[in-house]
Amino acid sequence: MSQVVDTLRGVDGATARVIAHLDALDFTIEYIREDLESEYSDQDLEEAYQLLMANQVTGDDFRDLIGEEFQAQTLFFENVVALVVPSARYEAVFASFDRREPFPVIDLVEAATSEGV
């Protein structure tokens with residue numbers, strides 16, 4: 001397991017679901033919780049990858065507009081929190097977690113960015 005996976009899985013209050021490395025042409029699932037392995041088809045994962053990468057490009061554009069460093073994008077769903085941490089224009093780490101209150105979003109962003117994601 002990569003250092004990023006270990007770091008993100010080690011944040012108190014955050015139960016990891018899926019952690020993946022996204023690059024310009026493909027993605028690599030680095031961790032998937034055992035109870036979720038059969039939940040997603042290859043087609044589901046490919047579609048999610050394409051949507052995340054499209055969103056990654058617009059995040060860079062938005063960063064330029066705001067004039068601030070783009071550290072991470074967080075998506076809150078009813079039961080899941082997803083985090084996308086860019087490392088380059090077409091590279092990022094995607095991580096999803098069970099949503100619980102309180103949720104340590106700042107701790108996760110700091111942990112991921114300290115790893116040089």
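A nonpolar core is here a set of buried Ala, Val, Leu, Ile, Met, Phe, Trp, Tyr and Cys residues joined through side-chain atoms within 4.5 Å. Buried means under 20% relative accessible area, exposed over 50%, and partly exposed in between (1.4 Å probe, protein chains only). The model is predicted, so local features need pLDDT of at least 70 and side-chain atom pairs count only at pLDDT 80 or more, whereas totals for chains, interfaces and linings use all residues. Residues are numbered from 1 along each chain as its sequence is written, and side-chain values use heavy atoms, with hydrogens and water left out.

**Nonpolar cores**

The largest nonpolar core holds 20 residues, of which Leu8, Ala14, Ile19, Leu83, Phe97, Phe103 and Leu108 touch the most other members. Two or more residues each are given to this core by helix H1 (3–9), S1, S4, S5 and helix H3 (105–114); helices (H or I, at least four residues) and strands (E, at least two) are DSSP runs, numbered from the N terminus. H3 provides the largest share, 5 residues. A second, separate core has 12 residues, including Leu22, Phe27, Leu52 and Ala82.

Contact means heavy atoms within 4.5 Å. Not counting residues up to four places away in sequence, Phe103 touches Gly13, Ala14, Phe76, Val81, Phe97, Asp98 and Leu108. The peptide bond from Glu101 to Pro102 is cis, with omega near -10°, and Pro102 belongs to the loop between S5 and H3.

**Strand pairing around S4**

Two strands pair if DSSP finds at least two bridges between them. S4 has partners in S3 (residues 73–76) and in S5.

Within S4, Val81 stands opposite Phe76, and Val84 stands opposite Gln73. Val84 also has Phe94 in S5 as a bridge partner. S4 is mostly covered, with 7 of its 9 residues buried.

**Largest pocket**

A pocket is defined on a 1 Å grid over the protein atoms alone: whereas a cavity is a set of points where a 1.4 Å probe fits but cannot get out, a pocket is an open set with protein on both sides within 12 Å along at least five of seven lines, and lining residues have an atom within 4 Å of a point. Grid points are joined across faces, edges and corners, and a volume is the space filled by probe spheres set on the points.

The largest pocket contains about 450 Å³ of space. Its lining comprises 20 residues, and Tyr40, Ala48, Leu52, Phe94 and Ser96 are the closest to its centre. Strand S1 (16–22), strand S2 (27–32), helix H2 (42–66), strand S4 (80–88) and strand S5 (91–98) each give two or more residues to this lining, and H2 gives the most, with 7 residues. By class, the lining has 16 nonpolar, 2 polar and 2 charged residues. Ala, Val, Leu, Ile, Met, Phe, Trp, Tyr, Cys and Pro count as nonpolar, Asp, Glu, Lys and Arg as charged, and the others, Gly among them, as polar.

Gln71 lies in the loop between H2 and S3 and is partly exposed, with a relative accessible area of 40%. Leaving aside neighbours within four places in sequence, Gln71 is in contact with Val85, Pro86, Val109 and Thr113. Gln71 and Pro86 are 15 residues apart in sequence and 6.9 Å apart in space, C-alpha to C-alpha. Leu51, in helix H2, is exposed, with a relative accessible area of 57%.
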